[in-house]
Amino acid sequence: MSKSIDVTALGELLIDFTENGTSSQGNPILEVNPGGAPCNVLAMLQKLGKQTAFIGKVGNDMFGKQLTEAVTSVGVDTRALKVDDTVHTTLAFVHTYPGGDRDFSFYRNPGADMMLTKEEVDTDLIRDSKIFHFGTLSSTHEGVREATRYAIDVAKEAGALISFDPNLRPPLWDSLEHAKEEIEYGLGKCDILKISDNEVEFLFGTTNYDEGARLLQEKYQIPLILITMGPDGSRAYYKDLRVEVAPFLQEHTIETTGAGDTFCASSLNYVLEHGLENLTAENLTELLTFANAAASLITTKKGALKVMPEKEEVLAFIASRQ
């Protein structure tokens with residue numbers, strides 16, 4: 001039976017308050033941007049012509065309404081987006097350093113995204129999906145963790161590919177040991193892993209990413225491992241193949257919000273179009289090149305969800321650098 005949804009993601013949907021200059025009185029001006037890694041991934045997939053759906057929860061407040069409208073406006077199916085009448089939408093305040101790196105302050109104790117329950121998970125939607133994508137922010141607390149694990153089990157039983165991005169945010173965990181346990185749970189379930197250099201360092205205490213990838217393959221038998229290295233590009237590990245592609249460095253980088261999500265979405269799009277079987281070094285080079293370029297473009301914009309690049313824009317950018 002064919003499936004009508006390309007990718008369903010479960011997780012956080014929140015507001016990113018990002019710095020955008022200063023007022024006439026010298027105070028920082030914060031811009032309200034829709035955010036949350038899973039929906040950023042889906043927004044880019046929609047731009048690439050795929051059908052996506054989101055499972056999560058927002059508050060019954062102005063921010064929840066704004067987020068629902070934003071996600072719907074980019075084409076994501078929101079039938080499984082729930083609204084909590086008692087807990088507010090999660091907020092993240094993003095401080096951007098010179099060069100684009102960020103620091104997060106979260107207002108989420110609790111936040112509506114943490115309130116999703118197992119009973120609220122739309123299992124029919126998951127069974128109708130080719131890929132199920134998740135991160136770890138939906139595993140920081142017991143109730144939503146149960147919902148996430150249940151959703152993963154449903155997806156695996158339905159034959160969906162499982163995509164995982166740890167997206168480590170230390171301030172949201174009661175302990176980093178707990179964070180490591182939940183990342184390890186995800187590693188044991190996924191077919192496609194998008195992981196950053198700092199997350200490899202967190203797990204294995206090494207900056208030798210080849211060694212980190214070897215340990216991941218050895219312990220978890222993950223078919224496709226993608227390691228993002230910021231200004232150093234990215235690598236793919238598949239069977240006995242190792243492919244590295246240089247970054248598309250930007251003069252006009254504003255911030256890196258959404259870069260990893262754009263990379264992840266581009267990679268999932270490639271898997272949807274080419275499958276996960278019999279990938280070649282040429283395939284992996286093509287995958288990483290497009291994903292690096294798309295991630296580079298998003299760093300020139302504020303936020304991510306509503307400003308993802310078009311496929312033609314990414315291809316033109318690649319061509320301009322060759």
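Of the 18 residues in α9, 14 are buried (under 20% relative accessible area, with exposed over 50% and partly exposed in between; 1.4 Å probe, protein chains only).

The model is predicted: local features require pLDDT of at least 70, side-chain atom pairs count only at pLDDT 80 or more, and totals for chains, interfaces and linings use all residues. Residues are numbered from 1 along each chain as its sequence is written, and side-chain values use heavy atoms, with hydrogens and water left out.

The protein chain holds 10 helices and 13 strands. These are DSSP runs numbered from the N terminus (helices H or I, at least four residues; strands E, at least two). The radius of gyration is 18 Å, close to the 20 Å that the globule rule gives for 322 residues, so the chain is as compact as a globular protein of that length. That radius is taken over C-alpha atoms, and the rule is 2.2 Å times the number of residues to the power 0.38. Along the principal axes, the C-alpha atoms fill a box of roughly 50 × 50 × 40 Å. Buried residues make up 56% of the 322. Among contacts (heavy atoms within 4.5 Å) with a separation of 6 or more, 72% join residues 24 or more positions apart.

Strand β10 (residues 192-196) is largely enclosed by the rest of the structure, because 5 of its 5 residues are buried. Ile192, Lys194 and Ser196 point one way, while Leu193 and Ile195 point the other way. β10 pairs in the parallel sense with strand β9 (residues 161-164) over 2 bridges; pairing requires at least two DSSP bridges between the strands. Between β9 and β10 the chain passes through helix α5 (residues 176-187), and this β-α-β crossover is right-handed (clockwise from the first strand over the helix to the second, with the strands pointing away from the viewer). Serine 163 stands opposite isoleucine 192. Strand β11 (residues 224-228) also pairs with β10 in the parallel sense, over 5 bridges. There, isoleucine 227 is the bridge partner of isoleucine 195.

Valine 154 belongs to helix α4 (residues 142-157). Its relative accessibility is 4%, so valine 154 counts as buried. Beyond neighbours within four places in sequence, valine 154 contacts Thr123, Ile126 and Arg127.
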